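Colleague: Could you take me through one part of this model up close? I'd like to start from a single residue and see what surrounds it.

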Amino acid sequence: MAAVAKSGLPSYYEGRTTFLGARIPPEVEVMVKQMKKLDRDIFRRILKVVVSALEGQDCQESVKHLSENVSLSEEQLSYIVSGMYTLIREALRRPMSTFKPEVFKEDLRELSVPEDCITDFSSVVFGSRRSVLETAAGQQGTRLPCLEDFRWRVDVAVSTSSLARALQPSILMQMKLSDGNAHQFEVPISKFQELRYNVALLLKEMNDLEKRNILKIQD
């Protein structure tokens, strides 16, 4: 699990997952490895092309020009471009009301992104062109609201209309989405156990799938 380590941030941030989720996308992991030996000027040139792609521009010629003028193989360049694209796209999906620059930077440090690159990434995600990037993302496809807050508590029904003494526990859940809507629902213990089992089973299947050599990305 990609959890943020203890740092100078308030205790609220400790133990949470990064903005990329519990599992870091493989293209981002490979990008970080490649960036450790990447020249700053080349990094900025690649970042400029990725930002143009996120704005909806056709960047095939720009990528071709990069591959011919940088000391990277086509495979290395493709990994870096793909990783940058995923990283920035996922960051832009987070609402600025709850996703702050200091949290974004701390997440990148947790991923071992070089400090000078963190500054450049942050200037893209929280800079003056963010609105342009968000507009382009909205035009490229439908964006579903993301989960912004989740709360739960255990309730016990002392009695019902049919039973004088029920003492039946249930879980009350509330989800707040990035579009401002809130959904509240009640889950019986039996259904919660079924949900827990299916999630654990799905995670196991994902782990088994990732162990297959055909899905491993080589450095």
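Modeller: Let's start with Leu-167, which sits in the loop between strand 1 and strand 2 (168–177). Bear in mind that this is a predicted model. Leu-167 belongs to a nonpolar patch on the surface, together with Leu-147, Phe-150, Trp-152, Val-154, Val-156, Val-158 and Phe-185. Together, these residues have about 750 Å² of accessible area. The biggest contributor is strand 1 (residues 147–157), which gives 5 residues to the patch.

Now for the buried side of things. In soluble globular proteins, nonpolar side chains tend to be buried together. Here the largest nonpolar core has 41 residues, and Ile-46, Ile-88, Phe-104 and Phe-121 are the ones touching the most other members. At least two residues of this core come from each of helix 1 (26–35), helix 2 (40–54), helix 4, helix 5 (101–110) and helix 6 (115–125). Take Ile-88: leaving aside residues up to four places away in sequence, Ile-88 touches Leu-47, Val-50, Leu-54, Phe-121, Val-124 and Val-125.

Thr-86 is placed in helix 4 (residues 74–92). Thr-86 is at 5% relative accessibility, so it counts as buried.

The structure holds 0 disulfides.

Notes: Residues numbered from 1 in each chain as written. Predicted model: local features only at pLDDT ≥ 70, side-chain atom pairs only at ≥ 80, totals over all residues. Heavy atoms only, no water. Helix = DSSP H or I, 4+ residues; strand = E, 2+ residues; numbered from the N terminus. Buried < 20%, exposed > 50% of the residue type's maximum accessible area, 1.4 Å probe, protein only. Disulfide = S-S within 2.5 Å. Core = buried A, V, L, I, M, F, W, Y, C linked by side-chain atoms within 4.5 Å. Contact = heavy atoms within 4.5 Å. Patch = residues over 30% accessible without salt bridge, like charges linked within 9 Å, V, L, I, M, F, W, Y side chains within 5 Å. Areas by Shrake-Rupley, 256 points an atom, 1.4 Å probe, with all protein chains shown as cover. Salt bridge = Lys/Arg side-chain N within 4 Å of Asp/Glu carboxyl O.
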